[in-house]
Amino acid sequence: MENKETTPKPAEAAAPRPHAGPHSGPPRRPGGRRFAPRRKVCRLCAEHIDLVDYKQAQIVKTFCTDTGKILSRRITGACAKHQRQIMRAVKINRNLSLMPYSG
Ligand SMILES: [Zn+2]
(Lines give C-alpha, C1' and ligand atoms only; values in the text may rest on other atoms or scores of the structure.)
Protein backbone atom coordinates (compact mmCIF):
# COMPACT_ATOMS: atom_id res chain seq x y z
CA MET A 1 0.00 0.00 0.00
CA GLU A 2 2.18 2.83 -1.21
CA ASN A 3 -0.01 5.68 -2.32
CA LYS A 4 2.35 8.62 -2.21
CA GLU A 5 0.95 10.62 -5.13
CA THR A 6 -2.71 10.45 -4.46
CA THR A 7 -3.19 14.16 -3.70
CA PRO A 8 -5.54 15.49 -6.36
CA LYS A 9 -4.06 18.40 -8.30
CA PRO A 10 -6.33 21.34 -9.10
CA ALA A 11 -7.09 21.80 -12.76
CA GLU A 12 -5.07 24.67 -14.24
CA ALA A 13 -6.78 24.73 -17.60
CA ALA A 14 -9.22 27.40 -16.57
CA ALA A 15 -6.50 29.70 -15.17
CA PRO A 16 -6.00 32.72 -17.44
CA ARG A 17 -2.43 33.17 -18.69
CA PRO A 18 -1.18 36.72 -19.18
CA HIS A 19 0.26 37.60 -22.61
CA ALA A 20 -0.64 34.30 -24.19
CA GLY A 21 -1.65 35.51 -27.62
CA PRO A 22 -1.75 33.40 -30.75
CA HIS A 23 1.69 34.70 -31.82
CA SER A 24 3.56 34.22 -28.60
CA GLY A 25 7.05 32.79 -28.69
CA PRO A 26 10.17 33.67 -30.66
CA PRO A 27 9.62 34.89 -34.22
CA ARG A 28 10.68 32.43 -36.92
CA ARG A 29 11.36 33.19 -40.52
CA PRO A 30 9.68 30.84 -42.96
CA GLY A 31 12.12 28.34 -44.42
CA GLY A 32 14.85 29.39 -42.04
CA ARG A 33 17.39 26.93 -40.78
CA ARG A 34 16.89 25.78 -37.26
CA PHE A 35 20.56 24.77 -36.83
CA ALA A 36 23.56 26.89 -37.47
CA PRO A 37 25.51 25.50 -40.42
CA ARG A 38 28.67 23.81 -39.30
CA ARG A 39 31.42 22.79 -41.63
CA LYS A 40 31.87 19.07 -41.41
CA VAL A 41 35.37 17.83 -41.79
CA CYS A 42 36.40 14.27 -42.48
CA ARG A 43 37.73 12.86 -39.24
CA LEU A 44 40.07 10.48 -40.99
CA CYS A 45 41.54 13.27 -43.09
CA ALA A 46 41.97 15.37 -39.98
CA GLU A 47 43.86 12.56 -38.31
CA HIS A 48 45.91 11.90 -41.44
CA ILE A 49 44.78 8.32 -41.80
CA ASP A 50 45.51 7.45 -45.40
CA LEU A 51 44.06 3.98 -45.50
CA VAL A 52 41.33 2.51 -43.33
CA ASP A 53 42.15 -1.10 -42.67
CA TYR A 54 39.49 -3.62 -41.78
CA LYS A 55 41.62 -4.64 -38.82
CA GLN A 56 41.23 -1.15 -37.35
CA ALA A 57 37.90 -2.08 -35.90
CA GLN A 58 37.86 0.85 -33.52
CA ILE A 59 37.92 3.31 -36.40
CA VAL A 60 35.50 1.37 -38.54
CA LYS A 61 32.95 0.96 -35.78
CA THR A 62 32.76 4.68 -35.15
CA PHE A 63 31.24 4.99 -38.61
CA CYS A 64 28.58 2.39 -37.92
CA THR A 65 25.49 2.17 -35.82
CA ASP A 66 25.15 -0.31 -33.00
CA THR A 67 23.12 -2.49 -35.31
CA GLY A 68 25.96 -2.67 -37.78
CA LYS A 69 24.69 -0.28 -40.38
CA ILE A 70 27.14 2.02 -42.06
CA LEU A 71 26.44 5.63 -41.26
CA SER A 72 26.01 7.88 -44.23
CA ARG A 73 28.42 10.62 -45.19
CA ARG A 74 25.80 13.17 -44.30
CA ILE A 75 26.02 12.04 -40.72
CA THR A 76 29.70 11.23 -40.33
CA GLY A 77 31.03 13.90 -42.63
CA ALA A 78 33.54 11.50 -44.11
CA CYS A 79 34.98 12.35 -47.49
CA ALA A 80 34.31 10.17 -50.51
CA LYS A 81 37.67 8.46 -50.37
CA HIS A 82 37.37 7.51 -46.74
CA GLN A 83 33.71 6.57 -47.03
CA ARG A 84 34.68 4.04 -49.70
CA GLN A 85 37.39 2.62 -47.46
CA ILE A 86 35.02 2.41 -44.52
CA MET A 87 32.43 0.67 -46.67
CA ARG A 88 34.99 -1.84 -47.85
CA ALA A 89 36.32 -2.43 -44.34
CA VAL A 90 32.83 -2.99 -42.95
CA LYS A 91 32.00 -5.49 -45.65
CA ILE A 92 35.20 -7.40 -45.03
CA ASN A 93 34.50 -7.38 -41.31
CA ARG A 94 31.00 -8.66 -41.87
CA ASN A 95 32.34 -11.46 -43.98
CA LEU A 96 34.78 -12.37 -41.24
CA SER A 97 31.88 -12.11 -38.79
CA LEU A 98 33.66 -9.39 -36.86
CA MET A 99 30.64 -7.17 -37.38
CA PRO A 100 26.96 -7.99 -37.64
CA TYR A 101 25.08 -7.82 -40.92
CA SER A 102 22.06 -6.63 -39.03
CA GLY A 103 20.63 -6.53 -35.60
ZN1 LIG B 1 38.78 11.77 -45.55
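Visitor: What should I keep in mind about the model and its numbering?
Guide: The model is predicted, so local features need pLDDT of at least 70 and side-chain atom pairs count only at pLDDT 80 or more, while totals for chains, interfaces and linings use all residues. Residues are numbered from 1 along each chain as its sequence is written.

Visitor: What makes up the pattern of the protein chain?
Guide: Along the sequence the pattern reads α-α-α-α, with four helices and zero strands. Helices are DSSP runs of H or I with at least four residues, strands are runs of E with at least two, and both are numbered from the N terminus.

Visitor: Which residues of helix 4 are called buried, and why are they said to line one face?
Guide: They are His82, Gln83, Gln85, Ile86, Ala89, Val90 and Asn93. A residue is buried if 20 or more other C-beta atoms lie within 10 Å of its own, exposed if 12 or fewer, and partly exposed in between, with C-beta atoms placed from the backbone. Seen down the axis, the buried residues of helix 4 fall within an arc of 160° (taken from the directions from the helix axis to the C-beta atoms), so they line one face. The face turned away carries the exposed residues Ala80, Arg84 and Asn95.

Visitor: What makes a set of residues a nonpolar core?
Guide: The set must be buried Ala, Val, Leu, Ile, Met, Phe, Trp, Tyr and Cys residues joined through C-beta atoms within 7 Å. The largest one here has ten residues, including Leu44, Tyr54, Phe63 and Val90. Helix 4 gives the most to this core, with three residues.

Visitor: Why is histidine 48 called exposed?
Guide: Histidine 48 has 6 C-beta neighbours inside 10 Å, so it counts as exposed. This residue lies in the loop between helix 1 and helix 2 and has a positive phi of about 60° although it is not a glycine.

Visitor: And what makes serine 97 exposed?
Guide: With 8 C-beta neighbours inside 10 Å, serine 97 therefore counts as exposed too.
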